[in-house]
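Me: Hey, can you walk me through this one? I'm new to reading structures.

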Amino acid sequence: MVSVPRLVIAAPASNSGKTTVATGLMAAFAGRGLAVSPHKVGPDYIDPGYHALATGRPGRNLDAYMCGTELIAPLFAHGAAGADLAVVEGVMGLYDGASGQGELASTAQVSKLLRAPVVLVVDASSQSRSVAALVHGFASWDPEVRIGGVILNKVASDRHEALLREALEETGLPVLGALRRAPQVVTPSRHLGLVPVAERQTEAVDAVRAMAERVRAGCDLDALLALARSAPALPDEVWEPEQHSVDGVRPVVAVAGGAAFTFAYAEHAELLTAAGADVVVFDPLHDEKLPAGTAGLVIGGGFPEMYAPELSANEPLRRSVTELALSGAPVAAECAGLLYLARELDGRPMCGVLDASARMSERLTLGYRQAVAVSDSVLAAGGTRLRGHEFHRTVLEPGAGATPAWGMHQPERRVEGFVQQGVHASYLHTHWAASPGVARRFVEHCRA
(Lines give C-alpha, C1' and ligand atoms only; values in the text may rest on other atoms or scores of the structure.)
Protein backbone atom coordinates (compact mmCIF):
# COMPACT_ATOMS: atom_id res chain seq x y z
CA MET A 1 0.00 0.00 0.00
CA VAL A 2 1.05 3.61 -0.64
CA SER A 3 0.78 5.63 2.57
CA VAL A 4 1.68 9.25 1.87
CA PRO A 5 -0.02 11.95 3.99
CA ARG A 6 -1.78 14.27 1.55
CA LEU A 7 -4.05 17.28 1.17
CA VAL A 8 -5.97 18.67 -1.78
CA ILE A 9 -6.25 22.48 -1.77
CA ALA A 10 -9.49 23.50 -3.52
CA ALA A 11 -11.82 26.49 -3.71
CA PRO A 12 -15.40 27.32 -4.69
CA ALA A 13 -14.12 29.27 -7.71
CA SER A 14 -11.00 30.50 -9.46
CA ASN A 15 -9.12 33.47 -7.97
CA SER A 16 -10.00 32.48 -4.41
CA GLY A 17 -6.36 32.08 -3.35
CA LYS A 18 -5.58 28.41 -4.08
CA THR A 19 -2.13 29.07 -5.49
CA THR A 20 -1.10 31.32 -2.60
CA VAL A 21 -2.30 28.81 0.00
CA ALA A 22 -1.02 25.67 -1.75
CA THR A 23 2.40 27.11 -2.56
CA GLY A 24 2.65 28.71 0.87
CA LEU A 25 1.81 25.41 2.57
CA MET A 26 4.39 23.58 0.48
CA ALA A 27 7.09 26.07 1.39
CA ALA A 28 6.05 26.26 5.06
CA PHE A 29 6.12 22.50 5.54
CA ALA A 30 9.39 22.22 3.58
CA GLY A 31 10.76 24.86 5.96
CA ARG A 32 9.94 22.50 8.81
CA GLY A 33 12.23 19.91 7.26
CA LEU A 34 9.54 17.77 5.63
CA ALA A 35 10.00 16.32 2.16
CA VAL A 36 6.98 17.78 0.36
CA SER A 37 5.72 16.39 -2.94
CA PRO A 38 3.94 19.06 -5.05
CA HIS A 39 1.13 18.30 -7.48
CA LYS A 40 -1.30 20.29 -9.63
CA VAL A 41 -4.69 19.16 -10.96
CA GLY A 42 -5.10 19.74 -14.68
CA PRO A 43 -2.79 20.71 -17.54
CA ASP A 44 -1.29 23.87 -15.97
CA TYR A 45 2.47 24.22 -16.55
CA ILE A 46 3.14 27.44 -14.63
CA ASP A 47 1.98 26.74 -11.07
CA PRO A 48 4.16 23.59 -10.85
CA GLY A 49 7.21 25.81 -11.37
CA TYR A 50 6.36 27.72 -8.19
CA HIS A 51 5.62 24.43 -6.43
CA ALA A 52 9.06 23.11 -7.39
CA LEU A 53 10.67 26.28 -6.09
CA ALA A 54 8.79 25.88 -2.78
CA THR A 55 9.72 22.22 -2.27
CA GLY A 56 12.89 21.43 -4.19
CA ARG A 57 11.06 18.57 -5.96
CA PRO A 58 9.59 18.47 -9.49
CA GLY A 59 6.10 19.89 -9.74
CA ARG A 60 3.85 17.24 -11.28
CA ASN A 61 0.44 17.34 -12.94
CA LEU A 62 -2.54 15.08 -12.31
CA ASP A 63 -4.81 15.33 -15.35
CA ALA A 64 -7.63 12.81 -15.48
CA TYR A 65 -8.73 13.92 -18.95
CA MET A 66 -5.39 13.54 -20.71
CA CYS A 67 -4.02 10.62 -18.69
CA GLY A 68 -7.21 8.79 -17.74
CA THR A 69 -8.63 8.25 -14.28
CA GLU A 70 -6.78 4.96 -13.87
CA LEU A 71 -3.37 6.69 -13.98
CA ILE A 72 -4.03 9.42 -11.40
CA ALA A 73 -3.17 7.43 -8.26
CA PRO A 74 -0.16 5.66 -9.87
CA LEU A 75 1.24 8.97 -11.18
CA PHE A 76 0.72 10.50 -7.75
CA ALA A 77 2.51 7.59 -6.07
CA HIS A 78 5.41 7.95 -8.50
CA GLY A 79 5.81 11.65 -7.80
CA ALA A 80 5.31 11.32 -4.04
CA ALA A 81 7.78 8.47 -3.55
CA GLY A 82 9.92 9.18 -0.48
CA ALA A 83 7.86 12.23 0.56
CA ASP A 84 6.63 12.97 4.07
CA LEU A 85 3.68 14.95 2.75
CA ALA A 86 1.99 15.68 -0.57
CA VAL A 87 0.08 18.88 -1.35
CA VAL A 88 -2.19 18.90 -4.42
CA GLU A 89 -3.36 22.26 -5.77
CA GLY A 90 -6.75 22.07 -7.45
CA VAL A 91 -7.99 23.72 -10.62
CA MET A 92 -10.84 26.22 -11.05
CA GLY A 93 -13.74 25.54 -8.64
CA LEU A 94 -13.82 22.27 -6.73
CA TYR A 95 -16.45 20.64 -8.95
CA ASP A 96 -15.42 22.23 -12.27
CA GLY A 97 -13.96 19.83 -14.83
CA ALA A 98 -13.75 19.22 -18.56
CA SER A 99 -16.56 21.09 -20.30
CA GLY A 100 -19.61 18.91 -20.80
CA GLN A 101 -17.91 15.89 -19.21
CA GLY A 102 -19.47 15.91 -15.74
CA GLU A 103 -16.88 15.58 -12.98
CA LEU A 104 -14.11 14.41 -15.33
CA ALA A 105 -10.76 16.14 -14.60
CA SER A 106 -12.23 18.15 -11.72
CA THR A 107 -10.47 18.66 -8.41
CA ALA A 108 -13.31 16.76 -6.76
CA GLN A 109 -12.71 13.72 -8.95
CA VAL A 110 -8.96 13.75 -8.33
CA SER A 111 -9.54 14.03 -4.57
CA LYS A 112 -11.71 10.92 -4.72
CA LEU A 113 -9.21 9.01 -6.83
CA LEU A 114 -6.51 9.90 -4.26
CA ARG A 115 -8.82 9.35 -1.26
CA ALA A 116 -7.45 12.67 -0.03
CA PRO A 117 -9.07 15.18 2.34
CA VAL A 118 -9.89 18.54 0.81
CA VAL A 119 -9.14 21.93 2.34
CA LEU A 120 -11.52 24.53 0.94
CA VAL A 121 -10.02 28.00 0.45
CA VAL A 122 -12.86 30.53 0.64
CA ASP A 123 -12.68 34.15 -0.44
CA ALA A 124 -14.46 35.61 2.59
CA SER A 125 -14.55 39.21 1.40
CA SER A 126 -18.02 40.79 1.33
CA GLN A 127 -19.69 38.07 3.39
CA SER A 128 -20.06 36.88 6.97
CA ARG A 129 -22.74 34.34 7.97
CA SER A 130 -23.38 33.43 4.33
CA VAL A 131 -20.01 31.68 4.32
CA ALA A 132 -21.64 28.82 6.25
CA ALA A 133 -24.21 28.24 3.51
CA LEU A 134 -21.50 28.28 0.87
CA VAL A 135 -19.29 25.81 2.71
CA HIS A 136 -22.23 23.57 3.65
CA GLY A 137 -23.26 23.38 0.01
CA PHE A 138 -19.80 22.39 -1.17
CA ALA A 139 -19.36 19.87 1.65
CA SER A 140 -22.70 18.16 1.04
CA TRP A 141 -22.83 18.24 -2.77
CA ASP A 142 -20.91 14.98 -3.22
CA PRO A 143 -20.74 12.70 -0.16
CA GLU A 144 -17.63 10.99 -1.60
CA VAL A 145 -15.66 14.25 -1.46
CA ARG A 146 -14.27 14.65 2.03
CA ILE A 147 -13.86 18.31 2.93
CA GLY A 148 -11.75 18.28 6.08
CA GLY A 149 -11.63 21.99 6.83
CA VAL A 150 -11.67 25.57 5.61
CA ILE A 151 -9.06 28.28 5.14
CA LEU A 152 -10.57 31.75 5.04
CA ASN A 153 -8.89 34.21 2.68
CA LYS A 154 -9.16 38.00 2.42
CA VAL A 155 -10.45 38.40 5.97
CA ALA A 156 -10.92 42.10 6.79
CA SER A 157 -10.40 42.24 10.57
CA ASP A 158 -10.51 40.37 13.86
CA ARG A 159 -14.23 41.11 14.08
CA HIS A 160 -14.81 39.79 10.56
CA GLU A 161 -12.87 36.63 11.39
CA ALA A 162 -14.90 36.09 14.58
CA LEU A 163 -18.17 36.35 12.62
CA LEU A 164 -16.93 33.89 10.00
CA ARG A 165 -15.74 31.38 12.58
CA GLU A 166 -19.02 31.62 14.50
CA ALA A 167 -21.03 30.96 11.34
CA LEU A 168 -18.88 28.00 10.34
CA GLU A 169 -19.36 26.32 13.70
CA GLU A 170 -22.81 25.30 12.45
CA THR A 171 -21.23 23.34 9.57
CA GLY A 172 -19.09 21.21 11.87
CA LEU A 173 -16.03 21.88 9.71
CA PRO A 174 -12.94 23.30 11.40
CA VAL A 175 -11.38 26.59 10.34
CA LEU A 176 -7.77 25.65 9.66
CA GLY A 177 -6.58 29.13 8.81
CA ALA A 178 -7.54 32.74 8.24
CA LEU A 179 -5.51 35.03 5.98
CA ARG A 180 -5.97 38.77 6.21
CA ARG A 181 -6.57 40.98 3.23
CA ALA A 182 -3.17 42.05 2.03
CA PRO A 183 -1.54 43.44 -1.07
CA GLN A 184 -1.28 40.66 -3.60
CA VAL A 185 1.91 38.66 -3.29
CA VAL A 186 4.00 39.77 -6.24
CA THR A 187 3.32 37.05 -8.80
CA PRO A 188 2.85 39.04 -12.03
CA SER A 189 0.53 37.71 -14.71
CA ARG A 190 0.13 38.16 -18.43
CA HIS A 191 -1.89 36.65 -21.30
CA LEU A 192 -1.54 32.98 -20.25
CA GLY A 193 -1.44 33.36 -16.46
CA LEU A 194 1.42 33.80 -14.00
CA VAL A 195 4.87 34.62 -15.31
CA PRO A 196 6.91 31.38 -15.08
CA VAL A 197 9.58 30.95 -12.44
CA ALA A 198 12.34 30.60 -15.03
CA GLU A 199 11.71 34.17 -16.18
CA ARG A 200 11.93 35.81 -12.76
CA GLN A 201 14.04 33.66 -10.45
CA THR A 202 14.85 36.27 -7.78
CA GLU A 203 11.33 37.71 -7.67
CA ALA A 204 9.84 34.22 -7.68
CA VAL A 205 11.93 33.20 -4.67
CA ASP A 206 10.71 36.32 -2.86
CA ALA A 207 7.09 35.59 -3.83
CA VAL A 208 7.25 32.01 -2.55
CA ARG A 209 8.85 33.20 0.69
CA ALA A 210 6.04 35.75 1.14
CA MET A 211 3.40 33.08 0.54
CA ALA A 212 5.01 30.83 3.15
CA GLU A 213 5.10 33.67 5.69
CA ARG A 214 1.40 34.43 5.15
CA VAL A 215 0.47 30.79 5.57
CA ARG A 216 2.62 30.29 8.67
CA ALA A 217 1.09 33.38 10.26
CA GLY A 218 -2.51 32.50 9.46
CA CYS A 219 -2.83 28.71 9.33
CA ASP A 220 -2.74 25.90 11.88
CA LEU A 221 0.03 23.83 10.34
CA ASP A 222 -0.20 21.12 12.99
CA ALA A 223 -3.92 20.63 12.35
CA LEU A 224 -3.34 20.59 8.58
CA LEU A 225 -0.63 17.97 8.94
CA ALA A 226 -2.88 15.85 11.16
CA LEU A 227 -5.60 16.07 8.51
CA ALA A 228 -3.14 15.00 5.82
CA ARG A 229 -2.09 12.03 7.93
CA SER A 230 -5.70 10.89 8.19
CA ALA A 231 -5.76 9.99 4.49
CA PRO A 232 -6.06 6.21 4.06
CA ALA A 233 -3.52 4.14 2.18
CA LEU A 234 -3.79 3.81 -1.59
CA PRO A 235 -3.40 0.56 -3.55
CA ASP A 236 0.24 -0.23 -4.30
CA GLU A 237 0.13 0.88 -7.92
CA VAL A 238 3.05 3.13 -8.86
CA TRP A 239 3.58 4.44 -12.37
CA GLU A 240 7.09 3.88 -13.66
CA PRO A 241 8.43 4.47 -17.17
CA GLU A 242 9.13 1.14 -18.81
CA GLN A 243 12.87 0.62 -18.89
CA HIS A 244 14.42 -0.56 -22.17
CA SER A 245 17.86 -2.07 -22.40
CA VAL A 246 20.07 -0.31 -24.91
CA ASP A 247 23.05 -1.80 -26.71
CA GLY A 248 25.74 0.66 -27.73
CA VAL A 249 25.53 4.43 -27.74
CA ARG A 250 22.48 6.11 -26.31
CA PRO A 251 21.13 8.76 -28.73
CA VAL A 252 21.25 12.33 -27.48
CA VAL A 253 17.83 13.99 -27.36
CA ALA A 254 18.12 17.76 -26.98
CA VAL A 255 15.24 19.32 -25.04
CA ALA A 256 14.63 23.08 -25.25
CA GLY A 257 14.53 24.87 -21.90
CA GLY A 258 15.30 28.30 -20.48
CA ALA A 259 12.94 31.22 -20.08
CA ALA A 260 11.28 30.90 -23.51
CA PHE A 261 10.43 27.19 -23.25
CA THR A 262 9.19 26.42 -19.75
CA PHE A 263 6.19 24.17 -20.44
CA ALA A 264 7.11 20.53 -19.85
CA TYR A 265 5.83 17.56 -17.90
CA ALA A 266 8.50 15.90 -15.74
CA GLU A 267 7.46 12.46 -16.96
CA HIS A 268 8.48 13.23 -20.57
CA ALA A 269 12.20 13.39 -19.78
CA GLU A 270 11.83 10.31 -17.58
CA LEU A 271 10.18 8.40 -20.43
CA LEU A 272 12.83 9.46 -22.95
CA THR A 273 15.58 8.36 -20.56
CA ALA A 274 13.88 5.04 -19.88
CA ALA A 275 13.53 4.48 -23.64
CA GLY A 276 17.30 4.70 -23.98
CA ALA A 277 18.05 8.36 -24.69
CA ASP A 278 20.47 10.75 -23.06
CA VAL A 279 18.37 13.85 -22.42
CA VAL A 280 20.32 17.13 -22.60
CA VAL A 281 18.61 20.47 -21.92
CA PHE A 282 19.70 23.54 -23.87
CA ASP A 283 18.55 27.18 -23.89
CA PRO A 284 17.59 28.63 -27.32
CA LEU A 285 18.01 32.14 -25.92
CA HIS A 286 21.69 31.69 -25.17
CA ASP A 287 23.16 28.51 -26.68
CA GLU A 288 24.44 29.01 -30.20
CA LYS A 289 24.49 25.33 -31.13
CA LEU A 290 22.65 22.16 -30.26
CA PRO A 291 24.23 19.77 -27.74
CA ALA A 292 27.03 17.63 -29.17
CA GLY A 293 25.76 14.52 -30.89
CA THR A 294 22.11 15.60 -31.02
CA ALA A 295 20.10 12.89 -32.75
CA GLY A 296 16.64 14.21 -31.93
CA LEU A 297 15.07 17.44 -30.76
CA VAL A 298 12.11 18.16 -28.45
CA ILE A 299 10.81 21.74 -28.26
CA GLY A 300 7.91 22.08 -25.87
CA GLY A 301 5.66 24.94 -24.89
CA GLY A 302 6.43 28.32 -23.42
CA PHE A 303 6.48 31.98 -24.35
CA PRO A 304 8.50 32.49 -27.56
CA GLU A 305 6.29 35.48 -28.34
CA MET A 306 7.83 37.27 -25.33
CA TYR A 307 11.35 36.54 -26.56
CA ALA A 308 10.94 36.73 -30.33
CA PRO A 309 13.72 39.35 -30.79
CA GLU A 310 16.24 37.30 -28.76
CA LEU A 311 15.29 34.00 -30.40
CA SER A 312 15.51 35.58 -33.83
CA ALA A 313 18.88 37.18 -33.05
CA ASN A 314 20.40 33.79 -32.21
CA GLU A 315 21.02 32.98 -35.86
CA PRO A 316 23.65 30.26 -35.25
CA LEU A 317 21.19 28.14 -33.26
CA ARG A 318 18.37 28.74 -35.74
CA ARG A 319 20.63 27.45 -38.51
CA SER A 320 21.59 24.45 -36.39
CA VAL A 321 17.93 23.57 -35.75
CA THR A 322 17.06 24.01 -39.43
CA GLU A 323 19.95 21.80 -40.55
CA LEU A 324 18.94 19.07 -38.09
CA ALA A 325 15.32 19.16 -39.28
CA LEU A 326 16.28 19.11 -42.96
CA SER A 327 18.51 16.10 -42.33
CA GLY A 328 15.39 14.09 -41.43
CA ALA A 329 16.25 13.76 -37.73
CA PRO A 330 13.27 13.41 -35.37
CA VAL A 331 11.93 16.76 -34.16
CA ALA A 332 8.90 16.99 -31.85
CA ALA A 333 7.49 20.50 -31.35
CA GLU A 334 4.50 21.53 -29.24
CA CYS A 335 2.91 24.99 -29.33
CA ALA A 336 5.90 27.27 -28.61
CA GLY A 337 8.08 24.79 -30.48
CA LEU A 338 5.69 25.00 -33.44
CA LEU A 339 6.10 28.79 -33.50
CA TYR A 340 9.89 28.53 -33.24
CA LEU A 341 9.99 26.23 -36.29
CA ALA A 342 7.82 28.62 -38.33
CA ARG A 343 9.13 31.05 -40.93
CA GLU A 344 8.45 34.05 -38.69
CA LEU A 345 6.81 35.09 -35.42
CA ASP A 346 5.34 38.61 -35.24
CA GLY A 347 7.54 39.57 -38.17
CA ARG A 348 10.75 38.19 -36.61
CA PRO A 349 12.57 35.46 -38.54
CA MET A 350 12.46 32.05 -36.84
CA CYS A 351 13.89 28.72 -38.02
CA GLY A 352 11.93 28.50 -41.27
CA VAL A 353 11.51 24.73 -41.04
CA LEU A 354 7.76 25.18 -41.59
CA ASP A 355 6.36 27.36 -44.37
CA ALA A 356 4.03 29.19 -42.01
CA SER A 357 3.83 32.55 -40.27
CA ALA A 358 2.76 33.14 -36.64
CA ARG A 359 1.45 36.21 -34.88
CA MET A 360 -0.06 37.20 -31.55
CA SER A 361 -3.86 37.33 -31.38
CA GLU A 362 -6.47 38.79 -29.03
CA ARG A 363 -8.27 35.46 -28.96
CA LEU A 364 -7.42 32.86 -26.33
CA THR A 365 -7.54 29.28 -27.59
CA LEU A 366 -8.02 27.06 -24.56
CA GLY A 367 -9.45 23.63 -23.91
CA TYR A 368 -9.15 19.88 -23.99
CA ARG A 369 -9.05 18.13 -27.35
CA GLN A 370 -9.62 14.65 -28.77
CA ALA A 371 -7.21 13.94 -31.61
CA VAL A 372 -6.21 11.23 -34.05
CA ALA A 373 -2.86 11.03 -35.86
CA VAL A 374 -3.48 11.75 -39.53
CA SER A 375 -0.40 9.86 -40.73
CA ASP A 376 2.68 8.03 -39.49
CA SER A 377 5.20 10.27 -37.74
CA VAL A 378 8.11 10.08 -35.31
CA LEU A 379 5.58 10.31 -32.45
CA ALA A 380 2.67 8.12 -33.50
CA ALA A 381 1.43 5.71 -36.12
CA GLY A 382 -1.41 6.93 -38.29
CA GLY A 383 -4.76 6.37 -36.61
CA THR A 384 -3.40 6.66 -33.07
CA ARG A 385 -5.96 8.35 -30.81
CA LEU A 386 -5.09 10.46 -27.80
CA ARG A 387 -6.26 13.41 -25.76
CA GLY A 388 -4.50 16.72 -25.41
CA HIS A 389 -4.85 20.37 -24.52
CA GLU A 390 -4.52 23.69 -26.37
CA PHE A 391 -3.49 26.91 -24.64
CA HIS A 392 -2.29 29.88 -26.70
CA ARG A 393 -2.97 33.41 -27.93
CA THR A 394 -1.23 33.07 -31.26
CA VAL A 395 -2.41 32.26 -34.76
CA LEU A 396 -0.43 30.26 -37.33
CA GLU A 397 -1.13 30.68 -41.06
CA PRO A 398 -1.59 28.15 -42.51
CA GLY A 399 -2.63 26.11 -39.48
CA ALA A 400 -1.83 22.78 -41.13
CA GLY A 401 0.66 21.48 -43.66
CA ALA A 402 0.19 19.23 -46.66
CA THR A 403 0.33 16.36 -44.16
CA PRO A 404 -1.31 17.54 -40.93
CA ALA A 405 -0.28 16.21 -37.55
CA TRP A 406 -3.70 15.70 -35.99
CA GLY A 407 -7.34 15.44 -36.88
CA MET A 408 -9.30 17.10 -34.08
CA HIS A 409 -12.67 15.77 -32.96
CA GLN A 410 -13.48 18.18 -30.11
CA PRO A 411 -14.84 20.81 -29.93
CA GLU A 412 -14.96 20.93 -33.76
CA ARG A 413 -13.64 18.78 -36.58
CA ARG A 414 -10.48 20.14 -38.19
CA VAL A 415 -6.92 19.21 -39.08
CA GLU A 416 -3.95 20.86 -37.44
CA GLY A 417 -0.16 20.82 -37.37
CA PHE A 418 2.62 19.58 -39.63
CA VAL A 419 4.32 16.27 -40.38
CA GLN A 420 7.23 16.54 -42.80
CA GLN A 421 10.32 14.34 -42.91
CA GLY A 422 11.15 13.75 -39.23
CA VAL A 423 9.26 16.81 -37.95
CA HIS A 424 6.05 16.59 -35.94
CA ALA A 425 4.84 20.07 -35.01
CA SER A 426 1.50 21.03 -33.51
CA TYR A 427 -0.29 23.35 -31.08
CA LEU A 428 -1.52 20.30 -29.16
CA HIS A 429 0.04 19.63 -25.74
CA THR A 430 0.03 15.94 -24.84
CA HIS A 431 0.99 13.95 -21.74
CA TRP A 432 3.20 11.06 -22.81
CA ALA A 433 2.56 9.05 -19.64
CA ALA A 434 -0.86 8.25 -21.11
CA SER A 435 0.83 6.89 -24.27
CA PRO A 436 4.34 5.73 -23.30
CA GLY A 437 4.81 4.38 -26.83
CA VAL A 438 5.26 7.99 -27.99
CA ALA A 439 8.61 8.39 -26.22
CA ARG A 440 9.75 4.91 -27.19
CA ARG A 441 8.88 5.49 -30.86
CA PHE A 442 10.66 8.85 -30.87
CA VAL A 443 13.87 7.38 -29.39
CA GLU A 444 13.76 4.47 -31.83
CA HIS A 445 13.68 6.98 -34.69
CA CYS A 446 16.60 8.82 -33.11
CA ARG A 447 18.55 5.58 -32.87
CA ALA A 448 17.73 4.68 -36.49
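Me: Which residue is the bridge partner of Val 253 in S12?
Reply: That's Gly 296. Keep in mind that this is a predicted model.

Me: OK, and which residue is the bridge partner of Val 253 in S11?
Reply: In S11, Val 253 has Val 279 as its bridge partner. S10 and S11 (residues 278-282) pair in the parallel sense over five bridges, while S10 and S12 (residues 294-299) pair in the parallel sense over four.

Me: How does the chain cross from S10 to S11?
Reply: It goes through helix H10 (residues 266-274), and this β-α-β crossover is right-handed.

Me: Is S10 mostly covered or uncovered?
Reply: Mostly covered: five of its five residues (252-256) are buried. Val 252, Ala 254 and Ala 256 point one way, and Val 253 and Val 255 point the other way.

Me: New topic. How many aromatic pairs does the structure hold?
Reply: Seven. One of them is Tyr 65 with Tyr 368: the ring centres are 4.3 Å apart and the planes are at 20°, so the pair is stacked.

Me: Where do Tyr 65 and Tyr 368 lie?
Reply: Tyr 65 is in helix H3 (residues 64-67) and Tyr 368 in strand S16 (residues 357-373), so the pair ties together parts that are 303 residues apart in sequence.

Me: Are Tyr 65 and Tyr 368 buried or exposed?
Reply: Both are buried.

Me: And what lies over the face of Tyr 65?
Reply: Arg 387 does, at 4.3 Å from the ring centre.

Me: Which residues form an aromatic cluster?
Reply: Tyr 45, Phe 263, Tyr 265 and Phe 303 form one.

Methods
Residues numbered from 1 in each chain as written. Predicted model: local features only at pLDDT ≥ 70, side-chain atom pairs only at ≥ 80, totals over all residues. Heavy atoms only, no water. Phe/Tyr/Trp six-rings, centres within 6.5 Å; stacked < 30°, edge-to-face > 60°. Helix = DSSP H or I, 4+ residues; strand = E, 2+ residues; numbered from the N terminus. Buried < 20%, exposed > 50% of the residue type's maximum accessible area, 1.4 Å probe, protein only. Lys NZ or Arg CZ within 6 Å of the ring centre and 35° of its normal. Pairing = 2+ DSSP bridges. Right-handed = clockwise from strand over helix to strand, strands pointing away.
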